[in-house]
Structure formats: C-alpha cells, structure tokens
Amino acid sequence: MHIQDYLAAIIFGAVIGVVARIILPGRQPIGLILTVLIGMGAAVAGTWAADRWDLHSDKHLVVSGHEYDWLVIGVQVGIAVVGVGIATMLAKAFSSDDDHHHSRYDH
C-alpha cells in the first residue's frame with residue numbers, strides 16, 4: 001500500500017461517514033474525526049461482509065481509476081448508519097449537558 005491508498009481510504013471513510021449522518025434522522029452530537037473513523041471502519045467491514053456473503057452487482061462506480069461496486073457501497077453505508085446511530089446513542093447517554101437532559105432522579 002502507498003500513501004495515496006491511505007489517503008483514499010480516509011477520504012472514502014469520510015464520505016461514507018457523512019452520507020450515513022445525512023441518512024440518519026436527527027442531530028448526531030459526534031465530531032468529524034469520529035465520523036471519519038466510523039466511515040473507515042464501515043468501509044472495511046462492508047467490504048468484508050460483501051465478500052463473505054458474495055454481495056456483488058454489475059453496477060460500478062469508477063473514481064480516479066478505482067472501481068467500486070454499488071452494492072458493496074450500499075452495505076458499507078448501511079454499516080456506517082448503524083455505527084453512527086450507536087455512537088450517537090452513546091454520546092447522548094454520556095452527555096453532561098444538564099440544561100437539556102434531566103434524569104429521572106432530578107426533582
């Protein structure tokens with residue numbers, strides 16, 4: 001792997017993470033770095049899952065000489081949506097924003 005491959009993975013992860021955040025309704029209180037990391041993880045997990053269960057189509061997207069399968073991208077985005085959802089739930093659960101969130105013990 002070359003440095004360009006790592007940069008492409010970061011950019012692709014960022015795109016997948018941002019698309020997941022757009023698809024997921026509501027506000028997600030997670031930062032850009034976490035969004036990119038979730039996207040990168042989803043890209044790896046989605047590629048593995050697509051290969052594992054032979055999820056491939058004949059529809060491809062070509063970017064800078066690299067070919068991407070639309071079905072694999074769909075699996076990756078789906079995993080990213082779940083990842084962003086989990087990160088959002090955890091961020092809200094551990095939020096210390098007392099002005100907006102009151103526990104049942106506040107009286």
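Predicted model: local features only at pLDDT ≥ 70, side-chain atom pairs only at ≥ 80, totals over all residues.
Visitor: How many aromatic pairs does the chain have, and by what rule?

Guide: A pair of aromatic rings is described by the distance of the centres and the angle of the planes. Rings of Phe, Tyr and Trp (its six-membered ring) pair if their centres lie within 6.5 Å, with planes under 30 degrees apart counted as stacked, over 60 as edge-to-face and the rest as tilted. The count comes to 2 aromatic pairs by this rule. The pair of F12 and Y68 is stacked, because the ring centres are 4.9 Å apart and the planes stand at 10°.

Visitor: Which elements hold F12 and Y68?

Guide: Helices (H or I, at least four residues) and strands (E, at least two) are DSSP runs, numbered from the N terminus. F12 lies in helix α1 (residues 3–23) and Y68 in strand β2 (residues 66–69), so that the pair links parts of the chain 56 residues apart. Residues are numbered from 1 along each chain as its sequence is written.

Visitor: Is Y68 buried, exposed or partly exposed, and what of W48 and W53?

Guide: Buried means under 20% relative accessible area, exposed over 50%, and partly exposed in between (1.4 Å probe, protein chains only). Y68, at 23% relative accessibility, counts as partly exposed. W48 and W53 form an edge-to-face pair, with 5.6 Å from centre to centre and 80° between the planes, and both W48 and W53 are exposed.

Visitor: What pattern does the chain follow?

Guide: Along the sequence the pattern is α-α-β-β-α, with 3 helices and 2 strands.

Guide: Local features need pLDDT of at least 70, side-chain atom pairs count only at pLDDT 80 or more, and side-chain values use heavy atoms.
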